[in-house]
Amino acid sequence: MADRIDRLLSDYYSGRLHNNVNDRIKEIETSTNNDENIGGGRAQNKHSRPVDDMIIRKEQDVVLNKCRADLNYATRLVRRIEDSFDPDVRNVVKFHFDKRLGQDWLAIESLTGIGTRQGQRYVNWFKREVGNIFWYDKGKEQTTNFIKKEATIDDLAEITSLIKSRLKAVDN
């Protein structure tokens, strides 16, 4: 599970998910004209609508739709959680997971002014919160975000009761 979360965060922050969508669109738009009609005549009554055909190909492409769904889900999930954290935590997480920047912990420390150990705590805390939402997000549908900047005792009691009710349902 931790590997999936690490991969999701590194793909999101590195822009790999966005690049997958753009690469697939370019692949669909690149025409491969394999005309096997050597020396033959032209087709009669054939409608030529290249723009409409391109739109239909993009809408019906399974790989493109999966790439777009992955990008939309990751964006929705990470942004929802980012909004509940301080900007310092967000910067450390972004520097850590953005593989394009190639930052190690010493470079992150010099850029943000946050110590290496504290930065690692921030990243682990962020990953744990992403994992909590990812784990309970059945079917990857939009769920209620339980993460708040300041949780009250009532909020924690509500979350605990939800977890206990799920455990009882699983045991039965």
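Trainee: In which helix does Ser10 lie?

Mentor: This is a predicted model, where local features need pLDDT of at least 70, side-chain atom pairs count only at pLDDT 80 or more, and totals for chains, interfaces and linings use all residues. Residues are numbered from 1 along each chain as its sequence is written, and side-chain values use heavy atoms, without hydrogens and water. Helices are DSSP runs (H or I, at least four residues), numbered from the N terminus. Residues 2-14 form the helix that holds Ser10: helix 1.

Trainee: Is Ser10 buried or exposed?

Mentor: Buried means under 20% relative accessible area, exposed over 50%, partly exposed in between (1.4 Å probe, protein chains only). Ser10 has a relative accessible area of 9%, so Ser10 is buried.

Trainee: Which residues is Ser10 in contact with, leaving aside its neighbours within four places in sequence?

Mentor: Contact means heavy atoms within 4.5 Å. With those neighbours left aside, the partners of Ser10 are Arg16, Phe97 and Lys99.

Trainee: Which residues touch the most other members of the largest nonpolar core?

Mentor: A nonpolar core is a set of buried Ala, Val, Leu, Ile, Met, Phe, Trp, Tyr and Cys residues joined through side-chain atoms within 4.5 Å. The largest has 32 residues. Helix 4 gives the most to this core, with eight residues. The members that touch the most others are Leu9, Tyr13, Leu77, Phe126 and Val130.

Trainee: How many charged residues are in the contact of helix 5 with helix 6?

Mentor: Asp, Glu, Lys and Arg count as charged. Helix 5 brings Asn91, Val92, Phe95 and His96, and helix 6 brings Trp105, Ile108, Leu111 and Thr112. By class, this contact has five nonpolar residues, three polar and, of charged ones, none.

Technical notes: Helix = DSSP H or I, 4+ residues; strand = E, 2+ residues; numbered from the N terminus.
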